[in-house]
Amino acid sequence: MKKLSVADLGTLENYQQQRPAIRRAIIDHKKNRRVPLGPNASLHFEDYLTMKYQVQEMMRAERLSDDAALAEEIEAYNPLIPDGSNLKATFMIEYPDETVRKQALKNLIGIEHKIAIQIEGFDPVRAIANEDLERSDGEKTSAVHFLRFEFTPAMIAAARAGAAWHIHCDHPAYQHSLSPLPEETASSLSRDFAEQSLSK
């Protein structure tokens with residue numbers, strides 16, 4: 001999948017003018033890329049469009065126009081764009097009550113390693129978590145994790161051919177699944193795979 005460049009962002013002035021339409025489009029786009037996993041967690045699958053929007057919003061909030069500063073932001077966000085044979089997601093643990101959330105994060109240490117995606121007919125693909133830095137320690141986990149799921153060419157071919165997707169978490173303190181994934185979501189995620197990944 002294409003990675004972001006400074007030229008892709010356009011000018012701050014142009015983004016300000018187009019922002020209402022861009023926001024509407026990205027909200028619609030994200031609907032099919034958010035996967036609830038039980039009542040208190042969700043996966044937000046990232047791609048070129050979601051990361052472009054994230055950087056443009058950062059550009060707007062911080063009034064960034066310098067190419068060097070924008071390139072620094074892009075360097076931070078580009079790793080979250082899929083590379084052709086994988087999916088990348090932000091995993092969020094969501095407990096509205098702060099006291100409950102603090103206790104849950106203590107109970108859910110290591111949950112980021114317990115998430116898996118399965119294409120029907122194949123073994124589950126477990127998440128590779130937080131490659132930039134560790135977000136769990138001996139006392140608690142973070143409410144946000146960054147995950148990568150790597151797929152074989154056969155899995156990708158099956159997904160594109162319409163095989164069902166299943167997502168589950170098997171952490172002892174949080175066991176939930178979504179099976180099968182809604183067709184609209186599976187279709188959106190299948191588009192993250194590059195054509196060349198089928199021949200690797």
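**Chat on cores, rings and helices**

User: N40: buried or exposed?
Analyst: N40 has 16% relative accessibility, so N40 counts as buried. Buried means under 20% relative accessible area, exposed over 50%, and partly exposed in between, with a 1.4 Å probe and protein chains only. This is a predicted model, with residues numbered from 1 along each chain as its sequence is written. Local features need pLDDT of at least 70, side-chain atom pairs count only at pLDDT 80 or more, totals for chains, interfaces and linings use all residues, and side-chain values use heavy atoms, without hydrogens and water.

User: Where is N40 placed?
Analyst: In the loop between β1 (34-36) and β2. Strands are DSSP runs of E, at least two residues; helices are runs of H or I, at least four; both are numbered from the N terminus.

User: And what does N40 touch?
Analyst: Leaving out residues up to four places away in sequence, N40 touches M92, I93, E94, Y95 and Y174. Contact means heavy atoms within 4.5 Å.

User: Switching topic. How many residues are in the largest nonpolar core?
Analyst: There are 35 residues in the largest nonpolar core. L43, F45, F91, I115, F149, F151 and W165 have the most contacts inside it. Such a core is a set of buried Ala, Val, Leu, Ile, Met, Phe, Trp, Tyr and Cys residues, joined through side-chain atoms within 4.5 Å.

User: Which elements give two or more residues to this core?
Analyst: The strands are β2 (41-45), β3 (86-93), β4 (115-119), β7 (144-150) and β8 (165-171). The helices are α5 (98-107), α6 (153-160) and α7 (183-190).

User: Take F91. What does F91 touch?
Analyst: Among its contacts, not counting residues up to four places away in sequence, are L37, L43, I111, I115, V144 and L147.

User: How many aromatic pairs does the structure hold?
Analyst: The structure holds 4 aromatic pairs. Rings of Phe, Tyr and Trp (its six-membered ring) pair if their centres lie within 6.5 Å; planes under 30 degrees apart count as stacked, over 60 as edge-to-face and the rest as tilted.

User: Why is the pair of F151 and W165 called tilted?
Analyst: The planes of F151 and W165 stand at 55°, so the pair is tilted. The ring centres are 6.2 Å apart. F151 sits in the loop between β7 and α6, W165 in strand β8, 14 residues apart. F151 is buried, at 6% relative accessible area, and W165 is buried at 1%.

User: What about W165 and F193?
Analyst: W165 and F193 form a stacked pair, 6.3 Å centre to centre with 15° between the planes. F193 is in the segment after α7, 28 residues from W165. Ring pairs link F151, W165 and F193 into a cluster.

User: Which residues of α7 are buried?
Analyst: T185, A186, S188, L189 and S190. The buried residues of α7 pack against β1, β2, β3, α6 and β8.

User: Last one. At what angle do α3 and α4 pack?
Analyst: α3 (residues 48-61) and α4 (residues 67-77) pack at about 145°, with axes 10 Å apart. Axes are lines fitted to C-alpha atoms, for helices over the stretch in contact, and angles run from 0 to 180 degrees between N-to-C directions.

User: Which residues make the contact?
Analyst: M51, Q54, V55, M58 and M59 of α3 meet L70, E73, I74 and Y77 of α4.
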